[in-house]
Amino acid sequence: MLGLDLLGKKTNQLVGTFEKKVREGQKQLEKLLGDSGMMDAAKLSTLTEMSDAYRAMAEDLLLHPLRFVGAEVDLARKHAALGAYALARLTGQEKEQVAKADPDDRRFKAEEWHTRLPFDVLHQSYLINSRAFLNWVEEMEGLPPAGREQMMFYARQLTSALSPANFLITNPEALKITWERKGMNLVDGTRLLIDDFRQNPSLFNVGMTDRSAFEVGGNLATTPGKVVYQNDLMQLIQYTATTESVSKRPLLIVPPWINKFYILDLTAKNSFIQWLVNQGQTVFVISWRNPGPEMRDKAWENYMLEGPLAAMEAVTAATGEDEMNLLGYCIGGTLLASTLAWLKKKGKEPVVSATYLTSLLDFSDPGGIGVFINEHSIRGIERMLEHKGYLDGRAMAFTFNLLRENELFWSFWTNSYLKGKKPSAFDLLYWNTDGTNLPAAMHSFYLREMYLNNKLVEPDALSFAGESINLKEIDVPSFFLSARQDHIAKWKTTYKGALVHGGDVRFVLSGSGHIAGVINPPYKEKYGYWTNETMSENPDEWLETAEDHPGSWWPHWLEWIQQYAGEPVAARVPGDGELEVIEDAPGSYVRVKAAEAAG
């Protein structure tokens with residue numbers, strides 16, 4: 001026993017010394033990078049968290065050597081089996097693979113990974129090692145859930161980056177193409193790499209689509225309409241009716257400003273806005289400005305006052321209607337809830353129904369982005385925001401891509417730079433790379449008070465423009481749509497937000513994810529959706545008794561909103577009301593790129 005105690009003390013001393021040395025080196029590296037200007041505070045914060053994660057892994061190895069030895073024994077057993085597999089193949093025998101890639105892992109789908117023995121063994125060895133490492137990290141003791149998720153995220157980034165598919169010499173597909181094209185694929189890949197650097201000055205993002213194939217206002221965002229109002233923060237678009245009569249009450253859409261509004265108006269066949277217009281709705285949409293450093297002080301309440309509140313006044317001026325329906329998507333829905341609660345405190349009731357598309361009101365489980373939601377990370381982001389005045393939208397896009405790094409980063413890396421293949425033309429990926437910046441004041445508040453502190457669902461915990469807000473006081477009928485595979489706004493968390501919301505609440509669950517679950521036009525007949533008239537306290541109970549429907553949720557929602565749309569009136573023409581036409585849709589604000597806005 002005495003010997004074990006001495007060993008434990010020695011181990012703890014060793015761990016303490018190791019931690020002290022690592023932290024000293026970490027501080028010196030941060031100072032060097034910060035003073036040189038190579039990294040801003042947000043990147044330094046991320047670097048610190050990564051090094052902290054890897055340090056914790058090393059400490060766990062020292063503190064729990066038996067667990068590590070056990071993992072090593074299991075790993076050795078699997079590598080022995082892989083050796084037997086290789087020997088069997090060398091002697092012409094058929095043998096089951098020791099490690100198989102997951103069905104949705106496309107890195108090793110090509111036949112060269114399986115028909116050529118060296119690469120067959122290499123990719124199986126990688127799978128064995130990476131899975132063993134991730135399992136070891138997942139089973140680390142004494143970690144809180146948030147810390148474990150963060151540790152797993154950084155461990156996954158490391159294993160994904162080290163995949164043999166990412167390097168020319170270890171990728172049989174890339175080597176075959178290099179041989180067949182006499183190296184011209186590497187020339188083409190270098191050109192694509194240079195072009196991606198030029199497209200993203202000072203902030204590299206891998207190219208995901210053929211940018212030359214798309215033009216906003218050309219073959220994207222083409223629903224006819226006019227800009228009828230604008231201020232420093234947004235333009236308001238009124239779309240041209242395609243029916244002789246329209247619903248009396250107009251529909252105002254509050255899209256996210258983390259991305260551009262034309263996700264709702266991609267191509268004509270997939271356009272939610274065009275579909276709404278064709279159903280006899282008078283549709284208005286907010287097109288947010290792409291901010292630069294001059295808008296650093298625009299706060300959440302500015303987005304409320306100059307966004308939906310200003311837009312509602314403009315809609316009334318354009319149509320003569322004092323009542324309308326509102327729809328918010330993603331963070332636009334979060335802002336919509338804030339606005340409705342604020343209006344309730346003011347005793348104003350211009351909104352007769354509210355629709356929330358994949359919107360978080362309760363932030364208790366923020367999804368994949370939660371790995372970046374902690375005091376240390378947010379302080380780093382705030383220091384960067386204070387210095388620059390905005391968060392670069394391209395950095396935000398890169399962060400979200402890392403939540404699915406193999407699909408949204410490394411697959412494009414290998415196809416473009418190793419194989420020399422120009423990315424295909426895909427409208428959704430073009431939109432995904434056309435990011436927007438976020439003002440410092442707004443983004444700091446959003447991260448800290450909503451994501452970190454979850455204040456939005458606390459009664460009267462937040463105040464805007466002189467009024468505290470309480471979501472329970474909202475009494476307009478509401479329709480919540482969530483997506484079952486959404487990793488940004490997880491459906492069970494959006495369900496919790498719906499329970500907090502006052503009024504008559506209807507919750508609908510779509511198939512697929514954050515985008516495809518929403519942009520699901522009826523002609524595709526994809527995914528399906530679930531409905532349940534009863535709002536149980538437990539989301540799993542709600543789903544157990546929910547009714548499954550095939551096809552798109554759009555017609556179901558249209559049937560719901562018709563009861564609040566009012567009787568038919570003659571179709572409205574943009575510019576015929578009190579507001580004059582400023583320019584054709586989609587307007588000028590949406591055309592500004594993140595890098596241009598940043599100067």
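In this predicted model, the side chains of Glu449 and Lys455 meet in a salt bridge, with N and O 3.6 Å apart, a salt bridge being a side-chain nitrogen of Lys or Arg within 4 Å of a carboxyl oxygen of Asp or Glu. Glu449 counts as buried at 19% relative accessibility, whereas Lys455, at 24%, is partly exposed; buried means under 20% relative accessible area, exposed over 50%, and partly exposed in between (1.4 Å probe, protein chains only). Salt bridges with shared partners also join Glu375, Arg379, Glu382 and Arg448 into one network. Residues are numbered from 1 along each chain as its sequence is written. Because the model is predicted, local features need pLDDT of at least 70 and side-chain atom pairs count only at pLDDT 80 or more, while totals for chains, interfaces and linings use all residues, and side-chain values use heavy atoms, with hydrogens and water left out.

The structure holds 36 salt bridges. One of them pairs Lys248 with Glu321, the closest N and O atoms being 3.1 Å apart, and links distant parts of the chain, since Lys248 lies in the loop between strands S3 (245–247) and S4 (251–254) and Glu321, 73 residues apart from it, in the loop between helix H10 (300–319) and strand S6 (324–329). Helices (H or I, at least four residues) and strands (E, at least two) are DSSP runs, numbered from the N terminus. Of this pair, Lys248 is partly exposed at 26%, but Glu321 is buried at 13%.

A further salt bridge joins Glu407 and Arg404 (2.9 Å, N to O). Arg404 is located in the loop between H13 and helix H14 (405–418) and is partly exposed, with a relative accessible area of 34%; Glu407 is likewise partly exposed, at 35%. Leaving aside neighbours within four places in sequence, Arg404 is in contact (heavy atoms within 4.5 Å) with Phe409 and His487. The C-alpha atoms of Arg404 and Gly368, which are 36 residues apart along the chain, are separated by 9.3 Å.

Across the protein chain, which has 20 helices and 17 strands, 53% of the 599 residues count as buried. Among contacts with a separation of 6 or more, 80% are between residues 24 or more positions apart. The accessible surface, from the Shrake-Rupley method with a 1.4 Å probe and, for residues, only the protein chains shown counting as cover, comes to about 26,700 Å², of which 55% belongs to carbon and sulfur atoms.
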